[in-house]
Amino acid sequence: MTDTLQRKPVSQVANSDCFTEESLTKLKEIMYEMRAEAGNHLFWEGDTADKLYFLKRGQVKITKASDEGKSFILYVYNTGDLFGQVDPFQNSVHSFNAEVMENSIIGVIQQKDLEVLLWQHGDLAVEFMKWMGLMHRMTQTKFRDLMMFGKPGALCSTLIRLCNTYGKNHGSEIVITKKLTNSELADMIGATRESVNRMLGDLKRGNIIAMENNYIVVKELSYLRDICQCENCPVDMCRI
C-alpha cells in the first residue's frame, strides 16, 4: 500500500481562505528570502516579535518549553503557510520557539513594511484581519482539545488533525502519510511516550486505528470525533 501513497496537498492557511492571489502577490513583493537548515531556529521565546514568515518550501514546528525543560509541539507549518507574531504594541516578544524541521526557503516580512502595505491596501488589511482571526481560533481550539478531555481526547484530536493535514483516503480508511514516532505524538499533546504507547495500543485493540508499514491508518474517524467532542471545525482550522 505504501508504494502508492501520495501525500495530498496540506491545507494552506495563507492562500486558501484568507488571501486572494492578488493580495498574496503583494505580500511576496515585500518579502526578503532566506534559507534555513534543519535544526536551526527562526526565533526563540523572548525574542523581539517584528516579522512574519512565509514558508516557500520546507517545514517548521512551533514549540513551547515547560518549566521542567520538556518541549511541547504546538503547530507544524508546511509549504505555503504564513506564520509569526506581529502585535500592535511596542517591544512585543515571541511566546514560542520556531524550529526548522527540514531545509527550508522562507520569505520574511518586516513589520514596518507590512504596516505600510496594509495602510495602502484596505482589501488586504481586511484579509489580514481574517488571517489573524483564523490563527487565534486555531490556538483556541487546540488548547480546548488539549485541556478539556484529558490525554485520550488530546490524542484523538491530534489524530484527527493529522488526518486533515496529511491524510489520504484509502477506501473507508484514512492513511496518515507522515510517519511520526510515539515520542513526537507525546510532544504534541504534552504526555509521556509511555502513555501514548498505552493509548495507541487501546485504539488498535478496539480496531479504531491500525499500523501498516509504520503509517497510522484511521479506521473509525467517528470514534475519535466522539472522544474529543469534535465541533466539526473547518479543515483549514482543524490541522496540526
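Okay, let's start where two helices touch: Lys151, Ala154, Leu155, Thr158 and Leu162 in helix 5 meet Leu185, Met188 and Ile189 in helix 6. Contact here means heavy atoms within 4.5 Å, and helices (H or I, at least four residues) and strands (E, at least two) are DSSP runs, numbered from the N terminus. Sorted by class, that contact has six nonpolar residues, one polar and one charged. For the classes, Ala, Val, Leu, Ile, Met, Phe, Trp, Tyr, Cys and Pro count as nonpolar, Asp, Glu, Lys and Arg as charged, and the others, Gly among them, as polar.

Before I go on, this is a predicted model, where local features need pLDDT of at least 70 and side-chain atom pairs count only at pLDDT 80 or more, while totals for chains, interfaces and linings use all residues. Residues are numbered from 1 along each chain as its sequence is written, and side-chain values use heavy atoms, with hydrogens and water left out.

Back to the pair. How far apart are the axes of helix 5 and helix 6, and at what angle do they pack? Helix 5 is residues 150-166, helix 6 is residues 182-189, and they pack at about 110° with axes 10 Å apart. The axes are lines fitted to C-alpha atoms over the stretch in contact, and angles run from 0 to 180 degrees between N-to-C directions. So the two helices are roughly perpendicular to each other, a label that covers 65 to 115 degrees.

Now the record. An unreviewed UniProt entry annotates residues 149-222 as "domain: HTH crp-type"; such annotations may be inferred rather than shown by experiment. Over residues 149-222, the chain is 54% helix and 22% strand, with the end C-alpha atoms 16 Å apart.

Next, Tyr53, in strand 3 (residues 50-65). Buried or exposed? Tyr53 counts as buried, because its relative accessibility is 6%; the cut-offs are under 20% for buried, over 50% for exposed, and partly exposed in between, with a 1.4 Å probe and protein chains only. Leaving aside neighbours within four places in sequence, Tyr53 is in contact with residues including Leu42, Phe43, Phe83 and Ile106.

Asn214 isn't a glycine, yet its phi is positive, about 70°. Asn214 sits in the loop between strand 9 (209-212) and strand 10 (215-218), and counts as exposed because its relative accessibility is 55%. Gln229, another non-glycine, has a positive phi near 50°. Gln229 is in the segment after helix 8 (221-227), and at 48% it counts as partly exposed.

Terms used: Parallel < 35°, antiparallel > 145°, perpendicular 65-115°, else oblique.
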